[in-house]
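Please consult the sequence and the structure while reading.

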Amino acid sequence: MNNKIFELRSRFNFYRTLETALKYNEEESDYYTTLNGDWNFLFLDKIQDIPTAFLDGKYEEISWDKIKVPSHMEFEGYGTPIYTNFDYPFPVNPPHVPNDNPTGLYYKKINYNKKLEKQILRFDGVESVFEVWINKEKVGNSQGSRLMTEFDITNNLYEGENEIAIRVSKWSKGSYLEDQDMWWLSGIMRDVSILEEVNITDVKLTPYTEEKKWYVRVNIKKEKKDFGKISVYYAGEKLFDEVLNSDEELIEIPKPYLWTDETPNLYTFIITLSDKIFIPVRVGLREIKIIDDLMCLNEKPILFNGVNRHEFHPEKGRNLSRNDIKAELIQIKKHHINAIRTAHYPNIPYFYDICDELGLLVIDECDIEAHGFPEEITPAKNSEWKEEFVSRGLRMVHRDYNHPSILIWSLGNESHFGENFIDMAQSIRQLDSTRLLHYEGDRENEVTDMYSTMYTSIAEMEERASKKIIKKPHILCEYGHAMGNGPGGLKEYQELFERYDSIQGGFIWEWKDHGIYEKSTNNYKYGGQFNESVHDGDFVLDGLVLPDRTPSPGLLEYTQIIQPITFYFSKGKLILKNNYQFKTMDNLVVAVEIISKDGLIFEKEYPIEPIPPKKYSDILYMNPKIKEHSYITIKLLVNKTDRIFSKGEVFAQKQFPYTSQTEELNEISSEVINQRLQINTTHFSTTFNTITGNMCSLIKSNKELLQSEMNLSLSRQMISNDREIQKIWNEYFLNEMYSYCKSFEYVQNKKGIVLFVNQYIAPPIVSWGIQVHIIIWISSSDIEYQVKGWFDGDSPRELPRIGFELPLNYTVKEIEWFGKGPGESYSDSQESNFMGYHKKKVEEWTFPYLIPQETGNRSHVSYSKMILDNGEEITMKSETGMNINVIDLVKEQNQNYRHLMNQKVKNKGIRIDIAMRGLGSNSCGPLPLEKNIVYNTPFSAVFSLI
């Protein structure tokens with residue numbers, strides 16, 4: 001690089017007035033001169049064809065065409081686009097490039113009047129290598145296509161008329177590090193400008209928090225002793241001034257408004273050097289750090305619902321206008337996407353301004369990809385490339401340092417791993433220790449702060465997360481390949497992200513199809529349609545939106561899956577949960593539609609109060625009397641236009657099956673006494689232990705039915721065919737599980753109460769357990785359980801059962817049920833039993849095996865009534881069907897009972913099981929078939945009691 005290249009620094013601008021400085025638009029600065037527009041242009045097939053007149057500065061002797069700047073040569077009719085995924089379209093023989101190297105010569109005359117002491121020529125992006133002459137004198141050269149280059153031209157620029165000439169070539173040594181999955185294009189494709197400057201050469205603002213106070217560290221590089229003053233503004237209002245006395249100042253922000261993706265609060269710091277020189281820099285108060293092995297923003301764990309985004313326009317390539325960028329980012333935000341990985345290079349600077357404003361979390365990725373190299377000769381391991389790796393990383397970090405939206409620096413993409421990445425990471429950390437580092441190719445996490453993978457299967461991710469194989473947080477930097485009709489399986493991925501804290505989300509590949517629009521055919525072209533000899537066909541069409549940003553079904557699916565509201569609906573009752581970490585949900589109204597086979601049969605809007613972050617709404621009742629089977633669609637509509645949504649647009653929505661409820665909802669009451677939530681209704685009373693999350697009391701007719709807490713359990717009495725697997729179960733202590741609450745919340749009004757219980761259930765000694773989320777709807781008519789659970793840690797792969805035990809104070813006398821019967825049934829032994837309504841005395845319930853063991857299970861039960869010897873009843877209902885059993889808890893909980901054959905013990909419990917292992921014949925023969933084995937996979941169930 002030529003020594004006239006200006007020093008690496010953050011990107012900022014000088015302004016003549018305070019008013020324009022606060023607008024934060026460089027195009028309105030009197031000290032900013034754009035060189036965009038029409039330039040003289042000459043296209044050549046190779047560098048060797050450059051006319052001598054150009055090299056001698058005799059520009060008037062050249063017969064010029066015209067070209068727009070910024071643009072790509074190929075989109076202006078010069079040269080050919082080439083699409084490859086990872087193959088190089090030229091011989092891999094670094095540092096050499098093809099002799100046939102398409103080259104463009106640019107020439108322009110400008111009239112210029114200097115305003116301040118120094119003039120800087122700024123290029124925001126040129127693909128891929130260029131040289132610059134001003135007034136026939138060479139200023140310098142540079143490469144790094146998507147990185148900013150600045151030249152100090154103070155001594156080159158004249159007052160009045162000036163000549164600027166630029167040579168741009170498509171291939172360079174840098175092309176070996178720019179092998180991204182996209183079109184190979186060339187030209188001056190981003191803004192070119194001249195900046196007027198004085199005294200200050202760099203400004204870095206670093207927010208941080210200490211002892212619950214927020215500060216901004218101001219670092220300034222200057223050429224003179226005059227520092228001036230700094231003013232802090234929020235929402236256009238000045239908060240205070242500070243005099244700058246040194247090149248580092250610490251400024252405390254009183255009553256801080258923090259920056260997050262949900263609450264993108266921005267401060268503007270104005271450095272004033274005189275009454276005509278102002279430097280604005282925007283600041284977001286936020287902190288990104290690892291807490292308890294999780295990436296946290298302002299101490300809250302992050303869930304990235306992200307996309308990979310290339311810069312692309314079907315008629316302009318990577319040359320995007322400000323309007324293009326803003327419209328695209330608003331669309332991304334409107335679809336509830338909260339994060340962008342700048343695949344695979346730093347974006348145009350304006351992109352980060354809008355991410356700061358709208359609230360988008362950014363992984364800023366360096367312009368490095370050497371995908372086409374075999375690993376054994378990758379540049380990452382070659383010391384000759386070290387300077388280029390480090391330089392590209394530092395150019396990115398210096399330029400973008402002040403943007404709060406950037407939480408993570410990415411070292412690049414798909415370039416294997418080696419010492420050059422280690423040196424690059426070290427250099428970046430020395431410059432900025434406040435952000436995290438990412439690189440998917442660092443498989444052993446030698447330098448990165450997170451474990452990053454691509455397209456990892458759900459099964460593999462769950463294996464790693466549940467067994468805690470990786471300590472560092474895990475993200476999918478690419479997943480959900482959105483090529484053509486797809487992607488599928490996003491719901492299951494999202495459930496995985498929400499299930500395991502250590503998996504902190506992912507980034508769909510990718511945002512937009514890269515089809516090049518052809519006006520003559522009104523169609524989009526892809527790889528191979530420009531007569532390229534090397535190409536990867538339609539693999540470039542893999543986005544959630546079409547090239548014109550038309551949403552695909554895949555985007556609509558993703559939006560529905562990641563919407564930041566959870567809908568809880570049961571029997572005409574609705575509760576909403578705000579899943580935002582920082583933002584209160586307001587400006588919304590609930591709109592309800594009920595449809596049947598006859599179409600829309602009911603619609604109504606309901607007002608809703610604001611919902612604080614991570615909290616629940618009040619219970620909303622909607623129970624129109626509709627006889628036929630129907631579906632209810634609940635929509636949250638925007639009540640007032642904001643910068644993302646227009647009034648009346650759907651913010652979030654969910655549909656449920658709907659059946660009118662005939663129950664009479666009488667008043668209920670509750671109170672918390674000694675960490676017990678006691679709930680009283682007209683028909684029963686129940687109490688929940690807020691420490692364990694379990695129901696610990698159920699009173700009907702003033703009689704306590706429960707002997708102890710209703711709990712989730714895994715064990716059963718051993719059967720003869722369990723003799724081998726039982727040894728393993730004993731090692732895992734399955735018959736002794738303890739539970740405690742990670743959280744216990746509830747929402748209540750006079751007619752109902754809903755509990756939201758997060759439990760951890762684990763045995764003694766061993767380090768594994770079960771995460772259980774339970775929603776419990778309680779009205780005067782019943783107690784409904786909605787259960788989801790999963791296994792965490794090194795749990796046994798196979799289990800006896802998964803279900804609930806109700807220890808009773810009274811003995812069951814008689815059982816009525818609708819399900820398989822009349823005899824006992826298991827998943828691999830039920831053909832002799834049929835669905836129907838059955839009734840049995842408890843004496844007839846079990847089979848008298850000579851060796852006492854598990855017996856009595858009934859499967860596919862949607863209704864059961866247990867009649868107790870005190871005259872009370874316990875009723876269970878489940879639309880999906882459950883397993884039920886009447887058990888002797890002494891036998892059930894004592895695996896040595898087979899030695900106590902003559903002991904007579906009355907039954908004292910009920911089991912309601914989600915899953916029950918099949919019988920098999922493994923006492924001598926095979927295990928149960930795989931479909932009949934209960935594995936340590938996630939489980940769910942819905943059932944009601946009373």
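Q: What share of the contacts in the chain with a separation of 6 or more comes from residues 24 or more positions apart?
A: The model is a predicted one. The chain has eleven helices and 60 strands. Among contacts with a separation of 6 or more, the share from residues 24 or more positions apart is 71%.

Q: How many salt bridges does the structure hold?
A: Side chains of opposite charge can pair when their charged atoms come close. The chain has 108 positive and 138 negative side chains. The number of salt bridges in the structure is 61.

Q: Lys170 and Glu74 meet in a salt bridge; how many residues apart are they?
A: The N to O distance of this salt bridge is 3.0 Å. Lys170 lies in the loop between strand 11 and strand 12, and Glu74 in the loop between strand 3 and strand 4. The pair thus links distant parts of the chain, and the separation is 96 residues.

Q: Is Lys170 buried or exposed?
A: A residue counts as buried under 20% relative accessible area. Because the relative accessible area of Lys170 is 4%, Lys170 is buried.

Q: Which class of accessibility does Lys839 belong to?
A: Lys839 forms a salt bridge with Glu816 at 3.8 Å, N to O. Lys839 lies in strand 55 and Glu816 in strand 54, so the pair ties together parts that are 23 residues apart in sequence. Glu816 has 9% relative accessibility and counts as buried. Lys839, at 49% relative accessibility, counts as partly exposed.

Key
Residues are numbered from 1 along each chain as its sequence is written. This is a predicted model: local features need pLDDT of at least 70, side-chain atom pairs count only at pLDDT 80 or more; totals for chains, interfaces and linings use all residues. Side-chain values use heavy atoms; hydrogens and water are left out. Helices (H or I, at least four residues) and strands (E, at least two) are DSSP runs, numbered from the N terminus. Contact means heavy atoms within 4.5 Å. Lys and Arg count as positive and Asp and Glu as negative; His and the chain ends are not counted. The place of a charge is taken as NZ of Lys, CZ of Arg, CG of Asp or CD of Glu. A salt bridge is a side-chain nitrogen of Lys or Arg within 4 Å of a carboxyl oxygen of Asp or Glu. Buried means under 20% relative accessible area, exposed over 50%, partly exposed in between (1.4 Å probe, protein chains only).
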